[in-house]
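Here is a short briefing to read alongside the coordinates. Keep the viewer open and follow the topics in any order you like.

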Amino acid sequence: MTMNATFSIHRLGLTIYKELQEKYMPILTSTGIILMTYLAIWALNLIDGEPVAAGARASSAATILSIIGCLAPFFLYKNENRRMEGVFYAVSPSSTLEKTISMLVICSVIFPLLSTVLLMSLDSLLTLMPFEARYSGSIWGCMFSSKEYLNTITSFLQLNTDPMAIDFVNRMFDTIIPLAVPPIVGLALTQSAFVLLNMLFRRHKIGYTLLTLLGIWVIAIVIVVISAVSVFDNLQNNPDINPERIYQWLITLYKAAIVFCTYILPIACWILTYFRIRRIQY
Amino acid sequence: MDTNNPIVKIEHLKFNYRKHIVFEDLSLELEAGRIYGLLGENGVGKTTLLRTICGLLRAKSGECTVMGMRSASRNPEMLKDIYFVPELFVAPPISVKRFAQSNSLLYPRWDAAQFEKLCLTFEVDPTYRFDKLSHGQQKKALIAFALALNTRVLLMDEPSNGLDIPSKTTLRRVISECATEDRVIAISTHQVRDLENLIDPIIILDRSGMILNASIEQISEKLLFTMSQEPDPEAYWSENSLSGYYQVIPNRDGMPSRVNLEALFNATLRNKETFKKLFK
């Protein structure tokens with residue numbers, strides 16, 4: 001197979017343009033849902049009457065964007081793997097790589113960027129509103145900088161005042177910050193698993209996805225509980241173990257989990273999505 | 001362009017849906033400049049064959065190539081020259097015009113003016129939302145789009161299903177107008193009367209594979225479609241009517257006759273092994 005058969009920038013551009021022409025309505029609808037939800041929260045805050053800090057708003061904005069962002073593949077690409085509905089997609093003359101990249105660009109770049117920018121703009125607009133429950137400060141920085149987001153969330157959460165706990169959390173955060181990505185990138189990366197599951201299941205996509213994630217979550221919890229029990233057993237049997245060693249072990253585990261979830265898992269999901277699109281039969 | 005080279009080549013194709021074997025050893029070639037009629041009873045694999053040719057399905061073994069490229073690999077160079085009109089499809093919630101505009105972007109021989117003209121011929125308004133049209137209108141819009149793409153291979157699965165009688169006549173006319181020397185059109189149908197005088201050669205499939213693959217000329221050389229008062233003892237198939245017996249008999253004297261597709265289909269199904277040998 002020649003390179004032209006695998007990838008052509010011209011064909012990729014046309015594929016993205018074609019898909020945007022077909023999907024602009026669900027993109028706008030999903031963005032509309034995000035904005036309406038944020039407005040509903042703003043209305044609830046108005047009733048409450050208390051000023052809302054940037055940290056609280058950044059947290060709720062990130063939550064709404066994450067939920068709708070994760071559901072977006074189910075709206076945008078719900079038919080592409082179905083036997084009857086997906087025929088037009090399958091016979092479309094672009095390569096599997098171009099179809100996968102186009103899906104990545106629309107789901108993980110265009111949609112998150114558009115919805116985040118519009119949501120931030122709405123928040124900025126609401127800060128100008130002269131109501132009692134004022135929205136003060138900007139949350140733009142929070143969405144585009146991991147450090148700012150984590151700092152804002154930490155100050156908002158008003159963590160435990162126990163000095164040891166504060167020290168532990170601070171050290172954990174010092175570990176996270178170099179590895180963490182801005183919330184908007186996080187949203188794009190989280191989507192990868194949902195894109196894969198959306199292409200994997202042909203019917204009852206959201207239901208099966210939730211069941212799959214629940215299954216993975218249960219397995220993860222079991223592994224964590226077993227690990228924790230064994231660590232505590234170890235600690236009881238060897239009371240002279242240095243707590244710093246345990247702490248370092250936890251930090252390493254935490255780092256590994258972050259690297260796996262932030263970098264390895266999304267890449268693996270997109271590679272699997274590519275193979276799913278390539279192998280799927282209609 | 002050498003039109004005698006097969007555009008579609010199928011060699012020893014084996015296909016099954018779990019335990020249901022559809023093709024065990026199917027070999028077939030489709031040449032340019034022809035409109036192939038793919039006939040067969042329900043469930044013999046007409047749709048499966050078309051879907052395999054355009055790469056929607058992957059065979060268990062054997063090879064299916066389109067213009068020298070493996071169809072299962074869905075190479076874009078192949079896909080830009082092939083289009084499949086499914087029997088049943090879900091129209092997207094956009095206008096026919098937008099569907100045509102966006103889906104035609106990757107086809108190099110797309111002719112927008114031809115599409116407009118075909119929509120007019122089929123009496124389909126392209127500004128209407130695709131999914132809001134009736135089934136027949138949706139089908140006509142998709143056929144107009146498929147024909148205006150001007151791909152070298154056009155596969156149509158039961159295109160006349162759901163069309164009213166005038167539309168079936170229009171369908172026959174536009175397909176014959178759009179058939180060119182460098183193009184191969186394959187139409188699967190079990191409503192043979194709808195496409196009479198259009199399809200040539202005829203391919204008849206059954207559960208054991210292909211029974212017949214012959215041009216109308218070859219068929220009329222070997223078979224005589226005739227009406228007589230007495231039944232012929234060697235008739236492959238006969239039907240009694242008020243005016244006598246309509247029969248399909250061996251063409252012993254090389255008499256010309258008009259091939260009746262329905263009679264041919266019935267005769268083939270009743271004499272599978274004989275016809276396999278006759279048209280080998």
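This is a predicted model: local features need pLDDT of at least 70, side-chain atom pairs count only at pLDDT 80 or more; totals for chains, interfaces and linings use all residues.

Chain A holds 11 helices and zero strands. Chain B is divided into domain 1 (6–214) and domain 2 (216–278). The contact between the two chains draws 25 residues from chain B and 21 residues from chain A.

**Chain A: overall layout**

- Read along the sequence, chain A runs α-α-α-α-α-α-α-α-α-α-α, in keeping with its 11 helices and zero strands.
- The C-alpha trace of chain A spans about 65 × 60 × 35 Å along its principal axes.

**Chain A: helices α2 and α5**

- Helix α2 (residues 9–48) of chain A packs against helix α5 (residues 96–127) of chain A at an angle of about 30°, and their axes are 8 Å apart.
- Angles under 35 degrees count as roughly parallel, so α2(A) is roughly parallel to α5(A).
- The crossing of α2(A) past α5(A) is right-handed.
- Sorted by class, the residues in the contact of α2(A) with α5(A) are 17 nonpolar, five polar and five charged.

**Chain A: helices α3 and α9**

- Helix α3 (residues 54–76) of chain A and helix α9 (residues 183–200) of chain A also pack at an angle of about 30°, with axes 8 Å apart.
- α3(A) and α9(A) are therefore roughly parallel to each other.
- α3(A) passes α9(A) in a right-handed crossing.
- On the α3(A) side, the contact is made by A:Ala62, A:Leu65, A:Ser66, A:Gly69, A:Cys70, A:Ala72, A:Pro73 and A:Phe74.
- On the α9(A) side, the contact is made by A:Pro183, A:Leu187, A:Thr190, A:Gln191, A:Phe194, A:Val195 and A:Asn198.
- The contact of α3(A) with α9(A) has 10 nonpolar, five polar and no charged residues.

**Where chain B touches chain A**

- The contact takes 25 residues from chain B and 21 residues from chain A.
- On the chain B side, at least two residues each come from α2 (76–79), β6 (82–85) and α3 (96–103) of chain B.
- The largest share of that side, four residues, comes from α3(B).
- By class, the side of chain B that touches chain A divides into 16 nonpolar, four polar and five charged residues.

**Chain B: how the two domains meet**

- The centres of domain 1 of chain B and domain 2 of chain B, taken over C-alpha atoms, are separated by 29 Å.
- Their contact takes 11 residues from domain 1 of chain B and 12 residues from domain 2 of chain B.
- On the side of domain 1 of chain B that touches domain 2 of chain B, the elements giving two or more residues are β9 (202–206) and β10 (209–214) of chain B.
- That side of domain 1 of chain B has seven nonpolar, no polar and four charged residues.

- β1(B) pairs with strand β2 (residues 20–31) of chain B in the antiparallel sense over eight bridges.
- Within this pairing, B:Val8 stands opposite B:Leu30 in β2(B).
- β1(B) and β2(B) form a hairpin with two residues between them.
- B:Arg18, in the turn, has a positive phi of about 50°.
- B:His12 is found in strand β1 (residues 6–17) of chain B.
- B:His12 has a positive phi of about 50° although it is not a glycine.

**Chain B: the β11-β13-β12 sheet**

- Three strands of chain B form an open sheet in the order β11-β13-β12, with antiparallel pairing.
- β11 (223–228) and β12 (237–241) of chain B stand at the edges with a single partner strand each, so one side of each has no neighbour in the sheet.
- On average, neighbouring strands of this sheet are turned by 15° against each other, direction ignored.
- β12(B) and strand β13 (residues 244–250) of chain B pair in the antiparallel sense over five bridges.
- B:Ser238 stands opposite B:Gln247 in β13(B).

**Chain B: a cis peptide bond**

- B:Asp200 and B:Pro201 are joined by a cis peptide bond, with omega at about 5°.
- B:Pro201 lies in the loop between β8 (184–189) and β9 of chain B.

How values were computed
Residues are numbered from 1 along each chain as its sequence is written. Chains are lettered from A and ligands numbered from 1 in the order in which they are written. Axes are lines fitted to C-alpha atoms, for helices over the stretch in contact, and angles run from 0 to 180 degrees between N-to-C directions. Angles under 35 degrees count as roughly parallel, over 145 as roughly antiparallel, 65 to 115 as roughly perpendicular and the rest as oblique. A crossing is left-handed if the near helix is turned anticlockwise from the far one by less than a right angle, and right-handed if clockwise. Ala, Val, Leu, Ile, Met, Phe, Trp, Tyr, Cys and Pro count as nonpolar, Asp, Glu, Lys and Arg as charged, and the others, Gly among them, as polar. Two residues are in contact if their C-beta atoms, placed from the backbone, lie within 7 Å. Domain bounds come from an automatic or database domain assignment. Two strands pair if DSSP finds at least two bridges between them.
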